[in-house]
Amino acid sequence: MAPLLLILSTVGEGNNAATIYLAGYEPTKGIGGPPQLEKGRAIISSDEIVLDQAFASKYGYKVEDTVTLSGCQLRLVGISSGTNAFVIQYAFVNLERAWQLAGYSGIVTCFLVNLDSSQTAASVIGDIQRLFPRTKAFKHDEFVQNNLREMQAGFLPFIFTLSALGTIVLTSILSLLLSISIIERRRDFAVMKALGAPAKFLLRLVVGQALVTVGLGTKIAIVFLPLLAGLIHEITPEVAIKLSFLQIVEVATGAVFVGVVSALIAMSRLRRIYAMEAF
Amino acid sequence: MKKSSSNSKVVVQLVKIGKAFGSEGNRRVALGDVSFTGYGGEVLLILGPSGSGKTTFLTIAAGLQPPTSGRVLLFGRSLEDYSSGELQQLRATRFGFVFQDFRLIESLKVYQNIELVLQFAGWNRTDIRRRIEQLLTHYDVEYLRNRYPSNLSQGEKQRIAIIRAVANGGDLIFADEPTACLDTEQGQDVIRQLLGCSHNQGSCVIVVSHDIRLKDYADRVFYLQDGLLTELPELRKLSPSQKQACTANGISHLASHSIGKATPQ
């Protein structure tokens with residue numbers, strides 16, 4: 001069992017001061033520290049600190065630098081990954097150092113419990129709640145899910161709003177482009193109508209053009225994604241872009257949807273072209 | 001050349017057609033009480049000066065715009081009885097159009113321009129391919145197959161436009177000023193092709209033009225001026241010198257003096 005103290009703290013001084021989520025843990029317990037180290041090592045003593053890589057990159061910290069944490073001078077011994085919560089990043093210090101910074105000793109936010117092979121999570125949770133009725137105990141997966149849900153509740157609506165706005169803007173631009181293309185080829189469409197083009201054929205023509213456009217756009221986006229992701233990460237290190245194949249398929253499906261809707265909007269322009277105009 | 005229409009099928013009939021544009025105070029009459037009957041297997045020439053209502057006449061006969069008054073019958077059925085879908089189907093399967101300035105789709109190759117109308121008519125791929133081969137061979141333009149319209153001469157464009165109009169084997173072909181951009185030889189070639197189509201395919205070909213040179217090839221000739229349509233049955237009996245003197249502007253004079261009284265259908 002390992003105690004963990006989570007507090008907000010400040011790294012740097014004056015104009016360079018930035019807020020960080022500080023995790024105080026006992027390095028000897030083997031749990032509670034950074035999930036993954038990109039550079040350096042984990043802390044051993046109370047004058048050492050590990051910083052998240054996005055935070056370190058943003059503020060220019062390197063391993064072996066001296067970091068001022070709420071007025072204390074600590075040595076940066078490692079850079080961690082998987083510890084970036086986008087709006088705030090994590091840093092890791094010895095539990096005693098965290099108590100000192102918090103101004104109270106002996107307090108903890110939570111305990112992390114490692115089970116041995118003879119125990120089940122349910123039985124341990126049962127034991128904890130029987131002994132300490134006001135304590136909440138969670139399995140690892142539940143804890144992760146709760147955190148994810150909390151993050152998503154605060155973050156996803158913002159992303160969805162941005163995506164919705166982007167979709168509306170993209171649909172408007174594409175339908176406008178298609179409308180212009182229809183107007184430019186007005187005479188051709190009138191001729192086709194005079195020659196007896198079925199409405200379905202004309203719809204297929206416009207939808208086809210829309211799909212070619214979004215298909216090309218998606219292809220270009222996929223080709224330039226690594227470059228763009230690198231550039232964004234360079235400018236804002238806390239933003240890490242990772243796309244899975246499934247997510248690319250989802251984006252492509254969204255693009256097809258935008259294409260079809262844009263084509264349907266542009267079709268209203270086509271309906272106002274008459275066969276008579278061919279003469 | 002003139003065919004008897006008594007044993008041919010009526011394909012299009014206009015009964016007392018009137019067409020006016022504009023609002024009450026600014027009304028302009030394009031057609032007034034025009035009656036007309038077109039039979040399968042004949043070429044009908046509608047002559048008239050610019051602005052006489054020829055194109056209005058053509059588009060009404062093709063069901064592309066409704067008349068203000070009167071009735072249009074296509075294949076014995078009133079235009080009002082056709083739904084918009086049926087009219088579209090009719091245009092795709094039984095009509096052919098030769099537009100002024102050809103109106104070929106510039107972004108499509110020659111064979112694609114022809115393929116398009118056959119697709120509209122619902123032909124399958126094999127039949128489309130066979131029909132295009134047949135037409136390109138018949139009109140001796142196989143070498144144009146993969147060219148874009150921008151790489152064709154005026155005469156070649158017009159030839160392809162005619163192939164497109166006859167491709168679906170339609171019963172009714174409308175030609176709007178088909179010789180407007182062509183020299184005499186090319187113009188005669190065009191009308192000969194339309195004539196061939198009419199006589200071989202049994203189609204009714206309606207040609208509107210201000211080109212009086214076409215009159216020798218038509219089975220019946222009409223004159224349209226100020227919205228009134230007059231058949232000129234005796235025009236082909238004119239002497240060569242009279243014919244020579246006959247111009248698009250002068251035919252009005254012929255209609256009222258040389259031929260005699262106007263003959264409404």
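Here are some friendly notes on this predicted model, point by point.

1. **Chain B overall.** Of its 265 residues, 45% are buried. If you take the contacts in chain B between residues at least 6 apart in sequence, 73% of them join residues at least 24 apart.

2. **Helix α1 of chain B.** Have a look at residues 54–61 of chain B, which form helix α1. Eight of the eight residues of this helix are buried, so the helix is largely enclosed by the rest of the structure. The buried residues are Lys54(B), Thr55(B), Thr56(B), Phe57(B), Leu58(B), Thr59(B), Ile60(B) and Ala61(B). Just after α1(B) comes Gly63(B), with a positive phi of about 75 degrees.

3. **The nonpolar cores.** Which residues have the most contacts inside the largest nonpolar core? They are Leu45(B), Ile46(B), Leu194(B), Val205(B), Ile206(B), Val207(B) and Phe222(B), in a core of 93 residues. Helix α3 of chain B (residues 110–120) gives the largest share of this core, seven residues. A second, separate core has 26 residues, among them Leu22(A), Tyr61(A), Ala91(A) and Phe92(A).

4. **Helices α3 and α4 of chain B.** The axes of α3(B) and of helix α4 of chain B (residues 125–138) come within 10 Å, crossing at roughly 130 degrees. These two helices are therefore oblique to each other, and their crossing is right-handed. On the α3(B) side the meeting residues are Tyr111(B), Ile114(B), Glu115(B), Leu118(B) and Gln119(B), while α4(B) brings Ile128(B), Arg131(B), Ile132(B) and Leu135(B). By class, the contact has six nonpolar residues, one polar and two charged.

5. **Helices α4 and α7 of chain A.** Chain A has a helix pair to set beside that one. How do α4(A) and α7(A) cross, right-handed or left-handed? The crossing of α4(A) with α7(A) is right-handed. Helix α4 of chain A spans residues 140–184 and helix α7 of chain A spans residues 245–271; their axes come within 8 Å and cross at roughly 40 degrees. The two are therefore oblique to each other. From α4(A), the residues involved include Thr167(A), Leu170(A), Leu174(A), Leu178(A) and Ile182(A); those in α7(A) include Val258(A), Val261(A), Ile265(A), Ala266(A) and Leu270(A). This contact has 11 nonpolar, six polar and one charged residues.

6. **Val256(A).** Staying on helix α7 of chain A, you will find Val256(A) there. Val256(A) counts as partly exposed because it has 16 C-beta neighbours inside 10 Å. Apart from neighbours within four places in sequence, the contacts of Val256(A) are Leu211(A) and Val214(A). Leu211(A) is 45 residues from Val256(A) in sequence, and their C-alpha atoms are 6.3 Å apart in space.

7. **Asn15(A).** Asn15(A) is exposed, with 5 other C-beta atoms within 10 Å. From Asn15(A) to Ser118(A) is 103 residues along the chain, and 53 Å separates their C-alpha atoms.

8. **Where the chains meet.** Finally, the interface: 16 residues of chain B are in contact with 13 residues of chain A. On the chain B side, α1, α2 (84–94), β6 (95–98) and α3 each supply at least two residues. The largest share, four residues, comes from α2(B). The chain B side divides into eight nonpolar, five polar and three charged residues.

9. **Helix α2 of chain B.** In α2(B), the buried residues are Gln88(B), Leu90(B), Arg91(B) and Ala92(B). Where does their cover come from? It includes α5 (186–194) of chain A, together with β4 (69–74), β6 and α3 of chain B.

Terms used
Residues are numbered from 1 along each chain as its sequence is written. Chains are lettered from A and ligands numbered from 1 in the order in which they are written. This is a predicted model: local features need pLDDT of at least 70, side-chain atom pairs count only at pLDDT 80 or more; totals for chains, interfaces and linings use all residues. A residue is buried if 20 or more other C-beta atoms lie within 10 Å of its own, exposed if 12 or fewer, and partly exposed in between; C-beta atoms are placed from the backbone. A nonpolar core is a set of buried Ala, Val, Leu, Ile, Met, Phe, Trp, Tyr and Cys residues joined through C-beta atoms within 7 Å. Axes are lines fitted to C-alpha atoms, for helices over the stretch in contact, and angles run from 0 to 180 degrees between N-to-C directions. Angles under 35 degrees count as roughly parallel, over 145 as roughly antiparallel, 65 to 115 as roughly perpendicular and the rest as oblique. A crossing is left-handed if the near helix is turned anticlockwise from the far one by less than a right angle, and right-handed if clockwise. Two residues are in contact if their C-beta atoms, placed from the backbone, lie within 7 Å. Ala, Val, Leu, Ile, Met, Phe, Trp, Tyr, Cys and Pro count as nonpolar, Asp, Glu, Lys and Arg as charged, and the others, Gly among them, as polar.
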